[in-house]
Amino acid sequence: MLDIIILFFLARSIGDKAAVKGLPRRWWVFYTVMAWVVAEMIGILLGLMLLGRNNILSFNGYLIILVCAFGGYLFIRYVVEKMPSKTDDIDKIGEDL
């Protein structure tokens, strides 16, 4: 339940960053949720490999899953930050200062 609350706020922040850059807000929120879920699945597999079936529901297992899911968010944040914005300096070449 805690991860859904965290995901809500993180997806909203990605949507805000995308809107500032002139990108479609809803798609980037969707990409964030999908990256979170896929990375969470990878975290489940990693936790199963490291801890085994009996200990995956322990605190350590949940921590591995949450860290991997947060990595999905960080990936999308990196991609959004590297996207050029609609108001780059290249559009202002030749204008008076």
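How many residues does α2 have, and how far does α2 reach from its first C-alpha to its last? The helix has 27 residues and reaches 38 Å, close to the 39 Å expected at 1.5 Å a residue. These values come from a predicted model.

## Overall layout

The chain has 3 helices and 0 strands. Read along the sequence, the pattern is α-α-α. Of its 97 residues, 28% count as buried. The accessible surface comes to about 7100 Å², and 68% of that area belongs to carbon and sulfur atoms.

Contacts reach across the sequence. Among those between residues at least 6 apart, 63% join residues at least 24 apart.

## Helices α2 and α3

Helix α2 covers residues 25–51. Its buried residues are Trp28, Thr32, Ala35, Trp36, Ala39, Glu40, Gly43 and Gly47. They pack against α1 and α3. Gly52 follows the helix, with a positive phi near 90°.

Helix α3 takes up residues 59–82, which makes 24 residues. At 1.5 Å a residue it should span 34 Å; the C-alpha atoms at its ends are 35 Å apart, so the two values agree. Buried in α3 are Gly61, Ile64, Ile65, Cys68, Ala69, Gly72, Tyr73, Ile76 and Val80. These residues pack against α1, which runs over residues 2–20, and against α2.

An α-helix has 3.6 residues a turn, so residues three or four places apart point the same way.

In soluble globular proteins, nonpolar side chains tend to be buried together. Here the largest nonpolar core has 12 residues: Leu7, Leu10, Ile14, Ala18, Leu23, Trp28, Ala35, Trp36, Ala69, Tyr73, Ile76 and Val80. The elements that give two or more residues to this core are α1, α2 and α3.

Ala35 lies in helix α2. Its relative accessible area is 16%, under the 20% cut-off, so Ala35 counts as buried. Ala35 touches Gly72 and Ile76, leaving out residues up to four places away in sequence. Ala69 is one of the buried residues of α3. Beyond its neighbours within four places in sequence, Ala69 is in contact with Trp36, Ala39 and Glu40. Ala35 and Ala69 are 34 residues apart in sequence, yet their C-alpha atoms are 7.7 Å apart in space.

Asp3 lies in helix α1. What is the nearest side chain of opposite charge to Asp3, and how far away is it? The answer is Arg12, 17 Å away. Asp3 is buried yet has no salt bridge.

Residues up to four places away in sequence aside, Asp3 touches Trp36, Glu40, Tyr62 and Leu66.

## Salt bridges

Side chains of opposite charge can pair when their charged atoms come close. The structure holds 3 salt bridges. Asp16 and Arg25 form one, at 2.7 Å from N to O. Asp16 is partly exposed, with a relative accessible area of 37%. Arg25 is partly exposed too, at 36%.

Lys17 forms a salt bridge with Glu81, with 3.4 Å between the closest N and O atoms. Lys17 lies in helix α1 and Glu81 in helix α3, so this pair ties together parts that are 64 residues apart in sequence. Glu81 also pairs with Arg77, where the closest N and O atoms are 3.8 Å apart. Arg77 and Glu81 both lie in α3, 4 residues apart, about one turn of the helix.

Arg77, at 31%, is partly exposed. Glu81 is partly exposed as well, with a relative accessible area of 42%.

Notes: Residues are numbered from 1 along each chain as its sequence is written. This is a predicted model: local features need pLDDT of at least 70, side-chain atom pairs count only at pLDDT 80 or more; totals for chains, interfaces and linings use all residues. Side-chain values use heavy atoms; hydrogens and water are left out. The expected span of a helix is 1.5 Å times one less than its number of residues. Buried means under 20% relative accessible area, exposed over 50%, partly exposed in between (1.4 Å probe, protein chains only). Contact means heavy atoms within 4.5 Å. A nonpolar core is a set of buried Ala, Val, Leu, Ile, Met, Phe, Trp, Tyr and Cys residues joined through side-chain atoms within 4.5 Å. Lys and Arg count as positive and Asp and Glu as negative; His and the chain ends are not counted. A salt bridge is a side-chain nitrogen of Lys or Arg within 4 Å of a carboxyl oxygen of Asp or Glu. Accessible areas come from the Shrake-Rupley method with a 1.4 Å probe; for residues, only the protein chains shown count as cover.
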